[in-house]
Amino acid sequence: MKGKLFPAQEIGSLPKAPWLLDYLRGKDAGQSGLDHLSKWSKVSEFENESETRTILAEPKNAAKQARLRELASIFAIRYLESAGLDYVYDGEENRIEMYEHPVRNSDGFEFYGHVRSFDSRYYRKAACVSKVAFRQAYHLDEFLLTKQHAKRPVKVPITGPYTIAEWSFNEYYQKQRTADYADFRKLKFEAKRDFVLDVAKQIIQPNLKALVDAGAEWIQVDEPALTTKPDEVPFFVDAYNECTAGISSKLSVHICFSDYRLLYPHILDLKNCSQLALEFANRDDEKRSAYDQLKLLNEFGDKREVGLGVADVHVDDIESPKLIKDRIEYASKILGDPARIYVNPDCGLRTRSWDVAYAKLTNIVKGAELARRSLS
Amino acid sequence: MVDVHLSGVFPRSEKLIDATRAAVRGKLPEAELDTVLRQDIKSLVGLQEEANLDSLVDGQLNWQDLFRPFSQLLTGIDPESLTRWFDNNTFYRKPIIVDKVSLKSNDLGQYFRSDLLPKASHKKAILPGPFTFAQLSENRAYLSFSDLVNDLARAVQRIVAALQERGYEYFQFNEPSLCAPGRTQPELEIAKHAYETCAHGIGGTSIIQIYFGDASQVIETLLDYPVDSIGIDFYATSVDSLKEYDFNKVLGCGCIDGRNSLLESPMELKTFVSRARDTLEPVDIYLTPNCDLDFLPETVAEKKVRLLGETKMLVT
């Protein structure tokens, strides 16, 4: 990929394959699931369609389920490759979701029940009840499988320490700071710092090392919660530097749906981060004003690569290649160096249908090609 | 003993979560959802009575967010896109102000379930404050922000009057936006003017609850508002930062953290409350969660209510 302008990268999760979901729920694959398998196997030249169909048709057992999970990952890899992406992963087909997966596979957390996200939508939020600890390298198997099967370079997404801490209740670290009970505000703030740092040291660092030891060349740290509490951005910076010290692979940070102004100047202190992958398309308009936030990087002399969000993941409207080209060109002019730009959707496409996600991805690739031609 | 009160939305039980989801998908008739809702409210009432709380709330268990009922009760409001609720991993639908706002319906029974609170109880109603309501809406109809705030205040005042007729005695106005960073003095004056309308003539107790932000930035002005009490989130405000002000109102001491599952120790709370009282010397003090308990799973929220009751017995 070296030398290619505007390489296209995956950024997060895809929807779960419907036939995998049916299987995991103990249901027989419905016709729509089989049609999905058939359609996307053809489109993406998925080499294991026949084996997948056989498993779906046979009585269920644990070994077959494990193999079906692998097949779902390979299926997603092929899907991303056939869309034309230059950097791929497995669509996170086998993660519960980005928060629950790491928390359920680490020690120190306990789930009490549901809390509301919005309306009648709820999520399971864990409490940190004891010192957090590494239990297992929870992305290692999926990475090894992806590495074995991918025909394109691989980038591994991993949920970052701040987001894990921010999305959890903090019991243990707050209890440790009994001296601060005269001032609840200070107590909570300092205990949060302890929590974030320990997640970085005890959980994220060993996971990163396991991935690097297994050959991961690029790891993306996902931090969607990073600007939720602006005063705490420095916690992330310290935690990130702690867990990435000595990591030799390329590292990047993905942040979305945030006010990026709140990141600066703190984020300049990230020592081992070569790219910021950011969402913009969601808030863009005809003047391309969303991309004006890139001026922040110039203002602070931030010369890192930018993962440029050029497709909105919350709407079904498909951005045209020309629109994507415009966004890339506008961003290139602001940054003054097109070689720093990678292109991607704003965030993971898991809330879109497979059809919509594919159309968005293929148009990102086409838009990048138009932008390259325009520059040449 | 010190008074203790709840201060916001209570979480739904797992059963009500399931029932609400099913109803949204059209798989459960509304009447059956209402049956589960009534059970939850009755259970919450029992919990509050058991904990010896000094007022009773219905928990706002069918409110999808702080503003949603008002898109039905008031004219000119449509709920729209999901927007982050302050610094939480929780979202609300931003009200879009599309026309003049006024009270459309006096049929408040769906959202203020006084029918399920004991007749002789001290009933508490919790409402969005007009300033926060306007601040977190998208105004597509009014030429000025203050006109919108004033119309919201008039609508809220009419709701308060109707609720008084239903026996409510405590009226809490949720105003987290008042202590959000960057609040200006002209904005605080607009809010003050609104309270001259919506808190005017209240026969019971009027409370402004400010949370998620540092009260020290705005408290001086708020102490001039025409309300009886100000509730403060002491997980976002330090007691010491308020000590230079003459606290000429009842202090709602938000010392139970509605955003963390860790159960506070009653003895630590007793110490904290004593310190807050000695430092600020308010007219009076009561204990309350700093915000809604809806950020917690129901089982944890129940424990926090019992904790309020335990602490009440300790604080003299």
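The face of H8(B) turned away from its buried side carries Thr271(B) and Asp278(B), both exposed (over 50% relative accessible area, with buried under 20% and partly exposed in between, for a 1.4 Å probe and protein chains only). The model is predicted, with local features requiring pLDDT of at least 70 and side-chain atom pairs pLDDT 80 or more, while totals for chains, interfaces and linings use all residues. Residues are numbered from 1 along each chain as its sequence is written, chains are lettered from A in the order in which they are written, and side-chain values use heavy atoms, without hydrogens and water.

Helix H8 of chain B covers residues 266-280; helices (H or I, at least four residues) and strands (E, at least two) are DSSP runs numbered from the N terminus. Its buried residues are Pro266(B), Leu269(B), Phe272(B), Val273(B), Ala276(B) and Leu280(B). These cover an arc of only 120° around the axis, which puts them on the same side of H8(B); the arc is taken from the directions from the helix axis to the C-beta atoms. Their cover includes H9 of chain A and, from chain B, strands S9 (250-256) and S10 (284-289) and helix H9 (298-314). Glu281(B), which follows H8(B), has a positive phi near 45°.

In chain A, helix H10 (residues 233-244) is mostly covered, with nine of its 12 residues buried. Among them are Phe235(A), Phe236(A) and Tyr240(A). The buried residues of H10(A) pack against helices H7 (161-166) and H9 (184-213) and strands S5 (218-222) and S6 (250-255) of chain A, contact being heavy atoms within 4.5 Å. Gly246(A), with a positive phi near 85°, follows H10(A).

How values were computed. Expected span 1.5 Å × (residues − 1).
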